[in-house]
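Subject: Structure handover

Hello,

Here is the structure for you to take over. My notes on what was found follow below it.

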Amino acid sequence: MADLDDRPRPSAASGALGAPEPPEQAPPPLDETARARALLAAQPVLEGHTELPALLDPEDLPPARARETGAQFWSLHVDPDDGVLGTLRRLDTVRALVAACPDDLRLAHTTSEMGHARDCGRVAALLGPVGWTALGGSAATLRAYHALGVRAVNLTGFDRFAREAVREMNRIGLAVDLSGADRDTVREVLAVTRAPALLTRAAPEALPDDVLRLLGENGAVCMVPVGEDPAAAADALDRVREGAGPGSTGLSHLMAPAAGYVPLFAELLRRGWPAQDLVGLAHGNATRALREAEFLSRTNRIRPVAA
């Protein structure tokens with residue numbers, strides 16, 4: 001019989017006989033920058049204000065933008081003297097730009113088409129807002145812009161025509177953009193519109209607390225520009241979030257596209273913004289506002305057309 005001392009013994013490396021394997025160490029948590037980058041990769045930004053390049057050079061198409069951008073409102077603002085004709089020319093230029101960049105841009109008239117563009121790896125191009133003076137005081141012109149694909153109109157004053165125009169925009173599904181409107185105009189419009197308003201170039205520091213509260217009650221979205229200092233934009237967004245609610249935050253554009261949106265989102269993560277609020281900021285809030293305008297339009301189709 002073999003000596004019991006001849007039996008193989010567990011090595012020191014394998015640990016005690018029957019002892020459980022040590023648990024695998026969890027990977028270190030991602031820092032705010034990595035978390036921001038991952039979030040934006042899945043939830044690209046809907047920008048409220050994109051200007052046409054001064055020169056459409058074929059060598060520079062598509063125009064430079066942040067890599068985190070998933071949809072853009074292309075501004076149709078022109079000088080007041082250019083009026084309807086100037087707006088139509090600009091609209092035609094945006095359409096030509098989109099057509100020249102089929103691998104990068106896709107025209108979108110609805111929130112469903114925005115989603116399809118993203119699924120295809122394209123950036124959705126939304127037409128608007130149109131400047132208020134380009135309406136010429138005509139509801140027929142308003143409807144013509146809508147038929148051409150425009151989805152937002154900038155309203156900066158309030159009178160009898162403005163009141164009727166807001167109702168007509170609700171009826172046909174045009175978003176009311178209140179960028180640049182004075183406080184009284186904002187209050188008047190919010191008392192009339194049944195659809196959420198947009199501020200595609202919001203300046204929260206110019207909005208008193210009561211106006212922010214009204215914007216929140218309306219479901220409006222304040223789309224804030226982002227400069228080179230992400231902390232300044234974060235301060236403005238904090239004010240909107242506190243005064244109007246997290247559902248009213250959005251992004252207008254980057255003043256330095258090469259920097260992207262990651263630094264801003266990393267700063268907001270450091271300030272304790274939850275992921276749900278950041279998704280709303282990126283595109284969820286603005287998409288919801290546009291979808292509500294579409295739904296209201298569908299329910300109003302049986303109403304008579306304004307004169």
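The largest cavity is lined by Thr-50, Pro-63, Ala-64, Arg-65, Gln-72 and Trp-74. A cavity here is a set of points, on a 1 Å grid over the protein atoms alone, where a 1.4 Å probe fits but cannot get out; lining residues have an atom within 4 Å of a point. The lining divides into three nonpolar, two polar and one charged residue. Ala, Val, Leu, Ile, Met, Phe, Trp, Tyr, Cys and Pro count as nonpolar, Asp, Glu, Lys and Arg as charged, and the others, Gly among them, as polar. The volume of this largest cavity is about 30 Å³. A volume is the space filled by probe spheres set on the points, with grid points joined across faces, edges and corners. A search of the whole structure finds one cavity of 30 Å³ or more.

Please note that this is a predicted model: local features need pLDDT of at least 70, side-chain atom pairs count only at pLDDT 80 or more, and totals for chains, interfaces and linings use all residues. Residues are numbered from 1 along each chain as its sequence is written, and side-chain values use heavy atoms, leaving out hydrogens and water.

Next, the largest pocket (an open set of points with protein on both sides within 12 Å along at least five of seven lines). About 280 Å³ of space lies in the largest pocket. Of its 14 lining residues, Leu-40, Ala-41, Pro-44, Arg-67 and Glu-68 are the closest to its centre. Helices (H or I, at least four residues) and strands (E, at least two) are DSSP runs, numbered from the N terminus. Helix α1 gives the most, with four residues. The pocket lining holds six nonpolar, three polar and five charged residues.

Now the helix packing. Helix α8 (residues 230–243) packs against helix α9 (residues 262–270) at an angle of about 55°, with axes 9 Å apart. The contact (heavy atoms within 4.5 Å) is made by Pro-230, Ala-231, Ala-233, Ala-234 and Leu-237 of α8 and Pro-263, Leu-264, Glu-267 and Leu-268 of α9. These contact residues divide into eight nonpolar, no polar and one charged. Axes are lines fitted to C-alpha atoms, for helices over the stretch in contact, and angles run from 0 to 180 degrees between N-to-C directions.

Last, a cis peptide bond: Leu-61 to Pro-62 has omega near -5°. Pro-62 sits in the loop between β1 (45–50) and β2.

Best wishes
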